[in-house]
Amino acid sequence: MTQAPLRPLPVDDYGRTMRLRQHDREILALAVPAFGALIAEPLFLMADSAIVGHLGTAQLAGLGVAAALLATLVNVFVFLAYATTAAVARRIGSGDRRAAVQQGIDGIWLALLISVVVVAAALPLAPPLVGLFGASSSAAPYAVDYLRISSAGIPAMLIVLAATGVLRGLQDTRTPLVVAIAGFSANLLLNLTLVYGAGLGIAGSALGTVIAQWGMAAAYLAVVLRGARATGASLRPDLPGIRACATAGSPLLVRTLSLRAVLLIATAVAARLGNVEIAAHQIAMSLWSFLAFALDAIAIAGQAIIGRCLGAGDVAGARAATRRMVEWGVGTGVVLGALLMVAQPLYLPLFTADPSVRSQLLPVLVVAGVMQPFCGVVFVLDGVLMGAGDGPYLAWAMLATLALYAPVALAFGPHGLVALWLAIGFAMLVRMVSMALRARTGAWLVTGAVRA
């Protein structure tokens, strides 16, 4: 039997196929290296959790509280990366590379100024901050020690955020990948040496992470300085430029504070359930963060691509790229959720040998796995709207999510860890609906080198 000849694709189908392939190549070229860079932070935390978890449940519970507080102190300023990415990408799209680099340098100076205030507040307030979480008397001292030592790395972490935003906006996600791999490797070796070799316990874990973070910051600064020399951008602090960075990032600060409040409420509720529950919650949150940053790799591609498209006035390209990235987000979420559930026997022994912690953890991981496809949509659209500079909408949407989530978490969370994680899933569904509704409109598609 002879095979019928293949029918050529219609011109429209062929053109659409070529456009999809072009989008896929661009998304992958940015997202794959971004994935490696983004997971540096959760990998740091996962390594710390795995190493500290074998010291004891109280130490792991203390790390859980301290890590949540430290992440809050740093990640509320994630706009240093996100707003910088969008602003730099717009200028790249308009063809002004010098202005793009200058925008990034202003963001780094803003990061340094913010870090002075954050460290000055974190050191004396460590004990009362830990106390707010209701940590047990056995876990609280470990949490305070970890938080105080880790405060020395806050300036480095904020510099890394701002410098990463510069490189992403310049459509370079490979350099952050190289720095992230080096930083994680150094962190793992330092922690093993200081925790077990030097016998410093949880303090050694914090110290090793601080040293690794400063090494990463130094590497990023060297790259940005080289870019400044190549374009003629000034390295001096420019107050109007710094003020503009702060103004552009203010809505994202509100958005991030609201998001951190969602996670902090979850940690506070889990801490009051007991040491076993907060230890299980800490492991689940470490894994959740890993998956979240993996999904956020596509969102980072979205920030860079959408910012560049709108800077060049390409509205149709921005819409087409958005549709394709949402498809990537859903597909990636399905794969990650399945892996989280079926690979439990492989990764759980790395975190704890306590059977009671494992018993609490297993059903939570099923809930987290089912949520991943929805999370894929949330993270991608979050990145798209950030790339468009649509910060005010993101701020109001996240405030609304917090207002709906808080009473649900506080009412149902005390009934157990699974109930608490179902409340977290409810928050993600609310975010998905609010962002999908916005993406369907054209209000976010504002073109130009600077969003008016």
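**A tour of the salt bridges**

Start by selecting Arg255, Asp382 and Arg431, which are linked in a network of salt bridges. The model is a predicted one, and the count of salt bridges in it comes to 5.

Stop one: Asp382 and Arg255. Show both side chains and look for the closest N and O atoms, which are 2.4 Å apart in this salt bridge. Asp382 sits in helix H14 (residues 355-387) and Arg255 in helix H10 (residues 239-273), so the pair ties together parts that are 127 residues apart in sequence.

Stop two: Asp382 and Arg431. Arg431 is buried, as is Asp382.

Stop three: Glu26 and Arg308. Clear the selection and pick Glu26, which forms a salt bridge with Arg308; here the closest N and O atoms are 2.5 Å apart. Glu26 belongs to helix H1 (residues 11-38) and Arg308 to helix H11 (residues 275-311), so this pair ties together parts that are 282 residues apart in sequence.

Is Arg308 buried or partly exposed? Its relative accessibility is 23%, so Arg308 counts as partly exposed, the cut-off for buried being under 20%.

Note on methods:
Residues numbered from 1 in each chain as written. Predicted model: local features only at pLDDT ≥ 70, side-chain atom pairs only at ≥ 80, totals over all residues. Heavy atoms only, no water. Salt bridge = Lys/Arg side-chain N within 4 Å of Asp/Glu carboxyl O. Helix = DSSP H or I, 4+ residues; strand = E, 2+ residues; numbered from the N terminus. Buried < 20%, exposed > 50% of the residue type's maximum accessible area, 1.4 Å probe, protein only.
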